[in-house]
Protein chains: 2
Amino acid sequence: MNPSDIEALTFDIFGTVTDWRSTLIREGRRLGKQKALDVDWIEFAHAWRAGYAPAMQRVRTGALPWMNIDALHRLILDDLLARFDISSLSEADKEALNRVWHRLDPWPDARDGLERLRQRFIVATLSNGNVALLTNMAKHAGLRWDCILSSELAHHYKPDPEVYLTAAALLGLQPEQIMMVAAHNEDLRAARSVGFHTAFVYRTEEYGPNQTTDLEPAPSVDVVARDFIDLADQLVGA
Amino acid sequence: MNPSDIEALTFDIFGTVTDWRSTLIREGRRLGKQKALDVDWIEFAHAWRAGYAPAMQRVRTGALPWMNIDALHRLILDDLLARFDISSLSEADKEALNRVWHRLDPWPDARDGLERLRQRFIVATLSNGNVALLTNMAKHAGLRWDCILSSELAHHYKPDPEVYLTAAALLGLQPEQIMMVAAHNEDLRAARSVGFHTAFVYRTEEYGPNQTTDLEPAPSVDVVARDFIDLADQLVGA
């Protein structure tokens with residue numbers, strides 16, 4: 001793989017660019033204090049995230065009609081509120097809580113690394129997050145994207161191949177001119193299967209100190225980077 | 001209309017943000033010199049632009065299948081090359097010429113005005129240009145968008161209502177939370193008919209010194225601005 005063959009980098013967002021876990025826990029604790037809720041917000045954050053793959057799977061199999069991540073996050077949230085015995089939230093409170101996903105904080109290296117990568121490549125999101133969520137998050141986090149691409153534009157969720165192929169078509173590029181950047185091997189495997197190049201970035205505390213998944217890249221990835229600064233060093237030059 | 005009700009501004013691009021005419025003439029003349037072509041590039045630029053509405057109309061009526069603006073620009077270009085008796089261009093030359101639409105220069109006030117508007121609003125393209133074209137143009141011109149929205153995402157061309165409604169859905173907003181910004185009354189009329197607010201910006205030399213269309217806004221628009229700086233003064237504050 002020669003970096004000069006690559007025109008665009010597409011980025012996974014939840015976990016790769018943003019630290020969903022810390023943000024959810026912090027915002028949960030703040031809400032808990034305000035509303036005097038006795039909730040383990042670490043457990044709550046993990047449960048919310050854990051509901052995500054099965055919810056997308058229900059869309060993928062047709063058990064649910066197409067709906068975007070805001071809607072899926074809300075479905076999962078409503079279940080969790082029952083399960084964690086939280087009954088004092090108004091509809092407005094619930095909507096505000098659901099929007100926490102629009103306000104995720106980036107990993108400390110994300111903004112500067114992206115800015116350097118943007119000097120050489122088109123940088124785009126390629127997330128299961130919906131367009132509004134990704135747009136609001138970028139604004140909140142001060143992330144500068146050249147283009148917001150989302151599973152929502154394909155009406156398919158990653159790792160369905162349609163997501164990557166739609167992104168390539170919208171960018172007017174061949175898959176091999178694009179590199180998918182993610183902390184998740186499944187995402188990279190799917191991108192690679194339709195012809196994308198791939199970069200694995202270590203996010204070994206995405207799920208906290210006891211993470212067991214995606215601790216190492218699959219051997220098939222083209223580039224392995226400690227973080228976005230290291231990725232920029234490798235792809236743009238130190 | 002109260003600016004505090006508005007969350008996002010969506011911008012027409014060709015003519016409103018970018019000066020297609022000057023760029024096409026300049027690049028045409030450069031190519032003409034290189035290739036020793038005897039062509040009136042002012043006439044050529046106007047003819048290329050004039051082919052745009054009828055080409056979209058053929059897509060709209062189903063005479064042509066869905067195709068994006070890159071493809072329509074190329075169809076028109078191939079006709080023009082025959083009509084202007086230009087036969088010495090290679091396929092690579094033609095493709096490079098067709099990509100001039102990805103390299104349009106912004107009007108002098110566009111970048112600074114947008115930057116100020118972006119402090120307060122989500123700013124997004126909403127153009128008949130395809131996503132790749134808009135992404136490359138923004139990079140070329142140093143324009144910072146929060147989100148690239150395009151007719152391509154609706155598989156309809158403006159002024160079809162689907163374009164505006166798709167944009168609102170992707171932004172997660174109601175039409176009345178969005179203001180369409182354009183130098184063209186037809187675009188604003190269509191946006192208004194589905195509930196958008198509207199801002200007319202004067203671009204009275206888009207078609208050169210003898211322009212006859214869109215010299216004044218329709219009475220129905222909410223905001224009238226001399227340029228993007230004036231728009232920022234009115235919507236964000238001087």
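Q: What makes up the contact of H1(B) with H2(B)?
A: On the H1(B) side there are Trp20(B), Arg21(B), Leu24(B), Ile25(B), Gly28(B), Arg29(B) and Gly32(B), and they meet Trp41(B), Ile42(B), Phe44(B), Ala45(B), Trp48(B) and Arg49(B) in H2(B). Contact means that C-beta atoms, placed from the backbone, lie within 7 Å. By class, that's eight nonpolar, two polar and three charged residues. Here Ala, Val, Leu, Ile, Met, Phe, Trp, Tyr, Cys and Pro count as nonpolar, Asp, Glu, Lys and Arg as charged, and the others, Gly among them, as polar.

Q: Before we go on, how should I read the names and the model?
A: This is a predicted model, where local features need pLDDT of at least 70 and side-chain atom pairs count only at pLDDT 80 or more, while totals for chains, interfaces and linings use all residues. Residues are numbered from 1 along each chain as its sequence is written, and chains are lettered from A and ligands numbered from 1 in the order in which they are written.

Q: Why is H1(B) called oblique to H2(B)?
A: Helix H1 (residues 20-35) and helix H2 (residues 41-50) of chain B pack at about 130 degrees, with axes 9 Å apart. Under 35 degrees would be roughly parallel, over 145 roughly antiparallel and 65 to 115 roughly perpendicular, with the rest oblique. That makes H1(B) oblique to H2(B). Their crossing is right-handed.

Q: What about H3(A) and H4(A), and why are they oblique?
A: Helix H3 (residues 52-60) and helix H4 (residues 69-83) of chain A pack at about 120 degrees, their axes 10 Å apart. H3(A) and H4(A) are therefore oblique to each other. H3(A) passes H4(A) in a right-handed crossing. Tyr52(A), Ala55(A) and Met56(A) of H3(A) make the contact with Leu72(A), Leu75(A) and Ile76(A) of H4(A). By class, this contact has six nonpolar, no polar and no charged residues.

Q: What makes H7(A) mostly covered?
A: Helix H7 (residues 131-141) of chain A has eight of its 11 residues buried. Buried takes 20 or more other C-beta atoms within 10 Å, exposed takes 12 or fewer, and partly exposed is in between. The buried ones are Val131(A), Ala132(A), Leu133(A), Leu134(A), Thr135(A), Asn136(A), Met137(A) and Ala138(A). The cover includes H4, strand E2 (122-127) and strand E3 (147-150) of chain A, plus E2, E3 and helix H8 (161-171) of chain B.

Q: How do you know that the two copies are related as by a two-fold rotation axis?
A: A rotation of 180 degrees with 0.0 Å of shift along its axis superposes chain A on chain B, with RMSD 0.0 Å. The two copies are thus related as by a two-fold rotation axis. The same surface serves both: 100% of the contact residues of chain A recur in chain B.

Q: Why does Asp227(B) count as partly exposed?
A: Asp227(B) has 18 C-beta neighbours inside 10 Å, so it counts as partly exposed. Asp227(B) is in the loop between strand E6 (223-225) and helix H10 (228-235) of chain B. Leaving aside neighbours within four places in sequence, Asp227(B) is in contact with Asp109(B), Gly113(B) and Val201(B).

Terms used: Axes fitted to C-alpha atoms, helices over the stretch in contact; angles between N-to-C directions. Helix = DSSP H or I, 4+ residues; strand = E, 2+ residues; numbered from the N terminus. Left-handed = near helix turned anticlockwise from the far one by under 90°. Contact = placed C-beta atoms within 7 Å. Least-squares fit on C-alpha atoms with pLDDT ≥ 70 in both.
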